[in-house]
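Let's take a friendly walk through a protein model, one part at a time.

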Amino acid sequence: MTVPMQRKRILVVGLSLIATLATLLTTARLSADKMPDRANVHAPAPNPAAISMKLSSNGSVDSTESTIDSPDAIVQNGFVIDRHSIALFEQIPDNYLTAAREMGVLFSDRSVGQNVNEALDCLTAASWANAPASCRRDYYDADWNWKTFSAADHANGLVPAQILFDPDPVKYNRSNWTFEFKGGSWSQLTQDFIQVLAPAYVDSKDVLSYQFSYLNVDAGDDIADPATGFFADTPNKYDVHDLEAYIAQHPDKVFVFWTSSLARGIGTQVSTDFNNEMRQYAAEHNKILFDMADIIEHTHEGAACYDNRDGVEYCSGGGNCENHPDDGQNLLALCQNYTTEVDGGHLGSVSGAKIRVAKAFWVMMARIAGWDGGGTVPPTATSTATPTVTGTRPADTPTPTMTVTGTPPTETPTPTVTLTPLPTSLATPPRPTATFAAEMYLPGISN
Ligand SMILES: [Ca+2]
Ligand SMILES: [Ca+2]
Ligand SMILES: [Ca+2]
């Protein structure tokens, strides 16, 4: 939103406020004993994003506590999107879907971000069965066999809940939301965001963000180091303080913070520490936090998942296996339920995590557009997960008639990225070509 747009929006908020109050008075006179339903509450606002009504737990307007929040207030107070937010996806009122898809978004990450980008497209299909196969895959037994679920499975209610969605090419049109692939160290990514990526989009987008990938939170990385990491204020690194200086120059834009992506092998103490530090920073500084780690380190049923160094063998459908010895530590990691990779962290070939993340992304955007979340505040995630058996199996949906269709597809093609020494590569437009050195010493783990 440009500054003029901001002024215009404030005017619209004022007009909307008057219109809404008038409607509420009318509603109260005409049906004092009848609870207005949620859709009616939002109907009068000429700018759907401009008004947010506080709803009581039964969905009615609480006349004693009704307040009107501008989207600015919701954004400035910050909020957390995590695994508890996913269920809100189906509850987003249409007017906030409209407002969300009209906002311009830039988000950036390595290839896991590309998985999320594809999942946002899953939601734009004409129907669930018409969505690409990469949106409809999941495990179907305790031996980690997986398949593409079919229209017949859908009709018969056999599709696992985590890959169920009700797509709509209009409602979930995300053509204003742009993904940019970027790779590098955490300091390089931060420098690039401040100097290249955000400046390229800041005039055309409303919401801007970048995410650190699991390659930034591997064992030995200093990202979580209190003295030299992302949250330290150091002259020789591009850290959160440099990022905040950029953000402060653009008060009319929304900047979202993210926890990291995770892999089966990452799960490290560094990833655990960094994500907890990010959660603490976001809470203390009223940030909007997209806690993707929380979403992907818990099963659909809510069980915590840990690293694959657990003495439990996993073999993918393609025959790749890992059987790392138990290292005696349970470190939160990407659930095996969400990837067919043995050590890596791509949200494929099975679709559960990326669908969950895409739904949460929409909830975040509706909140940024001013939605109060339906009057219910999801509990904040905690990182102290209840210990459970590692290698948690997905909920089986066993049916004797299920058959695996086709041959296992290959993993999502992984673009490679250039990181030639700074500042040369950062001065060039995005779309690098060579391979990031970190991948060289992560056997079995590719980006
Ligand atoms: Ca610095
Ligand atoms: Ca294992
Ligand atoms: Ca372990």
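Helix 4 (residues 94-102) and helix 11 have axes that come within 8 Å and cross at roughly 95 degrees. Where do the two meet? Tyr96, Leu97 and Ala100 in helix 4 meet Trp362, Met365 and Ala366 in helix 11.

Look at Ala366 for a moment. Setting aside its neighbours within four places in sequence, Ala366 is in contact with Ile92, Tyr96, Leu97, Ala100 and Trp371.

## The model as a whole

Before going on, please note that this is a predicted model. The protein chain averages a pLDDT of 79, and 68% of the residues score at least 70. Where pLDDT is low, the predicted coordinates should not be read in detail.

The protein chain contains 12 helices and 12 strands. Of its 447 residues, 45% count as buried. If you take the contacts with a separation of 6 or more, 76% of them join residues 24 or more positions apart.

In soluble globular proteins, nonpolar side chains tend to be buried together. Here the largest nonpolar core has 91 residues, and those with the most contacts inside it are Ala358, Trp362 and Ala366. Helix 11 (residues 352-368) gives the most to this core, with 12 residues.

## Helix 5, an enclosed helix

Now find helix 5 (residues 111-122). At 1.5 Å a residue, its 12 residues should span 16 Å, and its end C-alpha atoms are 17 Å apart, which agrees. Is helix 5 largely enclosed or open? Since 10 of its 12 residues are buried, helix 5 is largely enclosed by the rest of the structure. Among the buried ones are Val112, Gly113, Val116, Ala119, Leu120 and Cys122. The buried residues of helix 5 pack against strand 4 (105-109), strand 7 (177-181) and helix 11.

Two packed helices are described by the angle between their axes and the distance between the axes. Helix 5 and helix 11 pack at an angle of about 75 degrees, with their axes 8 Å apart. That makes helix 5 roughly perpendicular to helix 11. On the helix 5 side, the residues that meet helix 11 are Asn115, Val116, Glu118, Ala119, Leu120 and Cys122. Their partners in helix 11 are Lys354, Ile355, Val357, Ala358 and Phe361.

## Helices 7 and 8

How do helix 7 and helix 8 lie to each other? The axes of helix 7 (residues 186-201) and helix 8 (residues 240-248) come within 8 Å and cross at roughly 25 degrees. The two are therefore roughly parallel to each other, as angles under 35 degrees count as roughly parallel. Thr190, Ile194 and Ala198 of helix 7 make the contact with Asp242, Leu243 and Tyr246 of helix 8.

Tyr246, which lies in helix 8, has 19 C-beta neighbours inside 10 Å and so counts as partly exposed. Leaving aside neighbours within four places in sequence, Tyr246 is in contact with Ile194 and Ala198. Pro199 is 47 residues from Tyr246 along the chain, yet their C-alpha atoms are separated by 9.8 Å.

Most residues other than glycine have a negative phi, and most peptide bonds are trans. This model has some exceptions to visit. A cis peptide bond joins Ile266 and Gly267, with omega about 5 degrees. Gly267 is in the loop between strand 9 (254-258) and helix 9 (269-284). Another cis peptide bond joins Gly348 and Ser349, with omega about -10 degrees, and Ser349 lies in the loop between strand 12 (321-322) and helix 11.

For positive phi, turn to Trp144, where phi is near 65 degrees. Trp144 sits in the loop between strand 5 (137-139) and strand 6 (146-148) and is partly exposed, with 18 other C-beta atoms within 10 Å. Asn286 also has a positive phi, about 55 degrees, although it is not a glycine. The loop between helix 9 and strand 10 (288-290) holds Asn286, and Asn286 is exposed, with 11 other C-beta atoms within 10 Å.

Methods:
Residues numbered from 1 in each chain as written. Chains lettered and ligands numbered in written order. Predicted model: local features only at pLDDT ≥ 70, side-chain atom pairs only at ≥ 80, totals over all residues. pLDDT = per-residue confidence, 0-100. Core = buried A, V, L, I, M, F, W, Y, C linked by C-beta atoms within 7 Å. Buried ≥ 20, exposed ≤ 12 C-beta atoms within 10 Å, placed from the backbone. Helix = DSSP H or I, 4+ residues; strand = E, 2+ residues; numbered from the N terminus. Contact = placed C-beta atoms within 7 Å. Expected span 1.5 Å × (residues − 1). Axes fitted to C-alpha atoms, helices over the stretch in contact; angles between N-to-C directions. Parallel < 35°, antiparallel > 145°, perpendicular 65-115°, else oblique.
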